[in-house]
Amino acid sequence: MPTIYQVAERAGVSLSTVSRVLNGKTSVNKVLKERVEKAVKELNYRPNSVARSLANSRTDSIGVLVPELNAPFFGDLMQAVESTLRAQDKHVIITVGRNCLETEKDAVEFLISRNCDALIMHAEALSDAYLLELNQSKLPVALVNRKVDGLPDACTTLDNEKGGYLATRHLLELGHKHIAYISGPTDKADACLRLKGHKRALSEAGLTVNPQLIFNGDYSEDDGKVGLLELMAQDQHFSALVCANDWMASGAISCARDLGMSLPHDLSIVGFDDVVFAHHVFPRLTTVSNPVAEMAEMSAKYILNKVYGQGHEIKQCFEPTLVVRESAIKYEG
């Protein structure tokens, strides 16, 4: 394996010059920089990552914690983080929290043991106090889709309340007055805010919130199916359904078709997130966009600024938008 000494000898420069070029320093003369880069290429030199980490007390690796791997939503998150960091010669180590407090803590401890320079997390179960202590005492964190008092700059969030409002208002504007709702888990802030937005839209329209038309799900496709069946069992008329994520909406669509319903004529359905399959289900799903990839990219850029001294512009709060397709139509009843 070629060494940094051979690179310096081939380029006819000092070791410190090679080091500055390899570490991306801008203070190197252009001619010398080109000579070093040419020598690196000719020798097929690869910097020793362990030696570099010992020299600058960094590993150029960032830990990423997500709740699960088998959902398109988190796939988009991981892809955005990885591509943003890789463009700056940083790498990711991914762990899964499974929405469980102990599993999330174990994942964090593992990432710390791997000497990650920082953590980017979509953490569900960890408390605000734990995240604050982690950021203050061990290493910087960035949080996707979560707001923690005391970490304002490290959080990227979506206006989930507005998203829930937009979904229900769209159905109201189509003439629907009896609108059912399948919520996400009530112990999750984003789910509670989306439900709050749904209720606000009904209230503004002068309609009373009917608790029998609300089912508390768990964001899974199965709970979309179970939720629709439970709502229909309440013997309460509804012509439209809002689901707090697209997985539950797809489950509700599947269940409705199994029951012989003609969609969207028998039931209009609106989802939330605008994941990749939203425009592949039939009918194509009207939904609320959740720009998780943009939020994840912003979290990665925050870490690049915080840990590596870069100067990216940072945006903390993102706005949802309604994506109109064919799963919701005007009410003719």
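## A first look at the sheet and salt bridges

Glutamate 82 is partly exposed, at 23% relative accessibility (buried means under 20% relative accessible area, exposed over 50%, and partly exposed in between, with a 1.4 Å probe and protein chains only). Welcome to this predicted model, in which local features need pLDDT of at least 70, side-chain atom pairs count only at pLDDT 80 or more, and totals for chains, interfaces and linings use all residues. Residues are numbered from 1 along each chain as its sequence is written, and side-chain values use heavy atoms, leaving out hydrogens and water.

**Salt bridges within helices**

- A search of the whole structure turns up 14 salt bridges (a side-chain nitrogen of Lys or Arg within 4 Å of a carboxyl oxygen of Asp or Glu).
- One of them joins the side chains of arginine 86 and glutamate 82, at 2.5 Å from N to O.
- These two residues sit four apart in helix α5 (residues 72-86), so about one helical turn separates arginine 86 from glutamate 82. Helices here are DSSP runs of H or I with at least four residues, strands are runs of E with at least two, and both are numbered from the N terminus.
- Arginine 86 is partly exposed, with a relative accessible area of 46%.
- Lysine 301 pairs with glutamate 297 in another salt bridge, where the closest N and O atoms are 3.1 Å apart.
- Both lysine 301 and glutamate 297 belong to helix α12 (residues 292-308), four residues apart, or about one turn.
- Glutamate 297 is partly exposed, at 29% relative accessibility.

**A link between distant parts, and a network**

- Arginine 194 and aspartate 273 form a salt bridge, their closest N and O atoms lying 3.7 Å apart.
- This pair ties together distant parts of the chain, 79 residues apart: arginine 194 is in helix α9 (residues 189-204), and aspartate 273 is in the loop between β9 and β10 (287-288).
- Arginine 194 and aspartate 273 are both buried.
- Glu161, Arg200 and Glu204 are linked in a network of salt bridges.

**The sheet**

- Four strands make an open sheet in the order β7-β6-β8-β9, with parallel pairing (two strands pair if DSSP finds at least two bridges between them).
- At the edges are β7 (214-216) and β9 (268-270), each pairing on one side only.
- Strands β6 (residues 179-183) and β8 (residues 240-243) run parallel and are joined by four bridges.
- Tyrosine 181 has valine 242 in β8 as its bridge partner.
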